[in-house]
Amino acid sequence: MLLPPDQVAAAYADILSNGEASPSFALFDATGDSFRTQIDANKADKKAKLPTTASIEFGAKASTGPTIALATNDSGSIVAVSLEETETVKPVDAAATVSPGEGAVASKALSGLTATAKGFKNNYADQLLFHVPAAGSSDKIVLLGFAQGLISSTELP
């Protein structure tokens with residue numbers, strides 16, 4: 001295959017973290033990848049709404065969960081992977097506090113926080129389904145579907 005199934009999640013996570021600077025960027029078809037555009041728009045929106053007294057960092061990595069690959073008739077594969085995404089918000093001023101923000105009902109419910117001087121971290125689980133073409137193919141890896149959910153929100157130590 002174009003990319004071994006056990007490397008798909010890490011390669012895609014690198015794209016979410018580094019965009020076009022990722023060495024894996026050229027392997028994946030960006031056309032119609034609404035997950036990637038949704039993540040990028042969400043990051044930009046959160047950065048724009050962040051007060052100057054706070055900082056935000058985003059991360060993405062392959063999950064430790066299993067990768068499932070099913071062979072296709074064209075010698076490619078349908079590959080199901082999991083990613084872990086993080087979002088960490090910290091105050092940059094000693095007297096400042098941060099909060100999950102407007103519309104962050106799930107984050108507030110999971111963390112119990114309305115405001116904190118320490119900061120907080122949100123953890124998301126992503127389930128992704130890709131078509132990985134056969135080795136030697138000129139086709140790119142295509143995202144077929146996705147699901148994302150907030151799985152935890154905690155105050156930083």
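# Salt bridges, helix crossing and nonpolar cores

Trainee: Why is the meeting of the Asp-45 and Lys-49 side chains called a salt bridge?

Mentor: Their N to O distance is 3.5 Å. A salt bridge requires a side-chain nitrogen of Lys or Arg within 4 Å of a carboxyl oxygen of Asp or Glu. The value of 3.5 Å meets that limit, so the name applies. One caution: this is a predicted model, where local features need pLDDT of at least 70 and side-chain atom pairs count only at pLDDT 80 or more, while totals for chains, interfaces and linings use all residues. Numbering starts from 1 along each chain as its sequence is written, and side-chain values use heavy atoms, leaving out hydrogens and water.

Trainee: Where do Asp-45 and Lys-49 lie?

Mentor: Both sit in helix α2, residues 34-49. They are four residues apart, about one turn of the helix. Helices here are DSSP runs of H or I with at least four residues, strands are runs of E with at least two, and numbering goes from the N terminus.

Trainee: How do you know whether Lys-49 is buried or exposed?

Mentor: Buried means under 20% relative accessible area, exposed over 50%, and partly exposed in between, with a 1.4 Å probe and protein chains only. Lys-49 has 64%, so it is exposed. Asp-45 has 35%, so it is partly exposed.

Trainee: How many salt bridges are there?

Mentor: Four. Among them is Lys-46 with Glu-87, at 2.5 Å, N to O. Lys-46 lies in α2 and Glu-87 in strand β3 (residues 77-91), so this pair ties together parts 41 residues apart in sequence.

Trainee: What makes Glu-87 buried?

Mentor: Its relative accessible area is 6%, which falls under the buried limit. Lys-46 has 23%, so it is partly exposed.

Trainee: What does the salt bridge of Glu-84 and Lys-61 link?

Mentor: The N to O distance of that bridge is 3.8 Å. Glu-84 is in β3 and Lys-61 in strand β1 (residues 54-62), distant parts of the chain, 23 residues apart. Glu-84 is partly exposed at 29%.

Trainee: What describes a pair of packed helices?

Mentor: The angle between their axes and the distance between the axes. For α1 (residues 5-18) and α2, the axes come within 10 Å and cross at roughly 35°. Axes are lines fitted to C-alpha atoms, for helices over the stretch in contact, with angles from 0 to 180 degrees between N-to-C directions.

Trainee: Which residues make the contact?

Mentor: Tyr-12, Ile-15, Leu-16 and Ser-17 of α1 meet Phe-35, Arg-36, Ile-39 and Lys-43 of α2. Contact means heavy atoms within 4.5 Å.

Trainee: Which residues of the largest nonpolar core touch the most other members?

Mentor: Val-8, Tyr-12, Phe-28, Leu-128 and Phe-130, out of 20 residues. Such a core is a set of buried Ala, Val, Leu, Ile, Met, Phe, Trp, Tyr and Cys residues joined through side-chain atoms within 4.5 Å. Helix α1 gives the most to this core, with seven residues.

Trainee: What does Leu-128 touch?

Mentor: Its partners include Tyr-12, Phe-35, Val-79 and Phe-146, not counting residues up to four places away in sequence. A second, separate core has six residues, including Ile-56 and Phe-120.
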